[in-house]
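Please read these points with the model open beside you.

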Amino acid sequence: MANAKLEWTPAGSSRQSYTLPVNFSWDYQEMVQDETDRERALDGTLRSYVRSLKQRWVLKFQYISTAQKDQLAAIKQAQADIGFFRDAAGTKTFTGAWTSDLDFRETAPGLWSGSMVLEEI
């Protein structure tokens with residue numbers, strides 16, 4: 001797998017991106033859209049997914065550096081929608097939200113393990 005990339009826009013700031021080194025494993029699922037997972041726009045139109053399935057990616061990191069863990073924590077704390085690129089040089093795979101807790105734990109001195117769950121929005 002090539003490097004992946006994350007893009008997000010923190011509140012009051014400009015668009016930022018981070019290229020993930022190939023130091024993670026991943027799991028991909030397509031989930032059926034929950035009928036309650038819809039919203040009304042300000043003009044009253046129903047906001048829904050273009051298709052009936054939405055993507056869910058689980059990225060699992062093992063023994064990453066403190067610098068990479070801190071970057072991922074900053075992305076989580078921005079609480080912004082994240083553009084996920086499975087291939088950093090390719091087109092955007094989907095826009096998602098980081099739905100899991102920040103669960104990185106130090107597994108060896110200066111090395112961290114944890115995961116992030118991205119669900120399509």
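The numbered points below cover the basis of the model, its helix, its core, some single residues and its rings.

1. This is a predicted model, in which local features need pLDDT of at least 70 and side-chain atom pairs count only at pLDDT 80 or more, while totals for chains, interfaces and linings use all residues. Residues are numbered from 1 along each chain as its sequence is written, and side-chain values use heavy atoms, with hydrogens and water left out.

2. Helix 1 runs over residues 66–78 and has 13 residues. Helices (H or I, at least four residues) and strands (E, at least two) are DSSP runs, numbered from the N terminus. From first C-alpha to last, helix 1 reaches 18 Å, close to the 18 Å expected at 1.5 Å a residue; the expected span is 1.5 Å times one less than the number of residues.

3. Buried in helix 1 are Gln-68, Lys-69, Leu-72, Ala-73 and Ile-75. They lie on the same side of helix 1 because they cover an arc of only 155 degrees around the axis, the arc being that of the directions from the helix axis to the C-beta atoms. Buried means under 20% relative accessible area, exposed over 50%, and partly exposed in between (1.4 Å probe, protein chains only). The face turned away from the buried side carries the exposed residues Ala-67 and Gln-77.

4. What do the buried residues of helix 1 pack against? Their partners are strands, among them strand 1 (4–8), strand 6 (53–65) and strand 10 (111–120). Contact here means heavy atoms within 4.5 Å.

5. The largest nonpolar core has 21 residues, and Leu-6, Leu-20, Leu-59, Phe-61, Leu-72 and Leu-118 touch the most other members. Strand 6 gives the largest share of this core, four residues. A nonpolar core is a set of buried Ala, Val, Leu, Ile, Met, Phe, Trp, Tyr and Cys residues joined through side-chain atoms within 4.5 Å. Not counting residues up to four places away in sequence, Leu-6 touches residues including Leu-20, Leu-72, Ile-82, Phe-84 and Leu-118.

6. Lys-69 is found in helix 1. Is Lys-69 buried or exposed? Lys-69 is buried, with a relative accessible area of 16%. Leaving aside neighbours within four places in sequence, Lys-69 is in contact with Ile-64, Phe-104 and Trp-112. Lys-69 also lies over the face of Trp-112, at 4.2 Å from the ring centre. A charge sits over a ring if NZ of Lys or CZ of Arg is within 6 Å of the ring centre and within 35 degrees of the ring normal.

7. Gln-79 is in the loop between helix 1 and strand 7. Its phi is near 50 degrees, a positive value in a residue other than glycine. Gln-79 is exposed, with a relative accessible area of 72%.

8. The structure holds three aromatic pairs. Rings of Phe, Tyr and Trp (its six-membered ring) pair if their centres lie within 6.5 Å; planes under 30 degrees apart count as stacked, over 60 as edge-to-face and the rest as tilted. The rings of Trp-57 and Phe-84 have centres 5.1 Å apart and planes at 50 degrees, so this pair is tilted. Trp-57 lies in strand 6 and Phe-84 in strand 7, so the pair ties together parts that are 27 residues apart in sequence. Ring pairs link Trp-57, Phe-84 and Phe-94 into a cluster.
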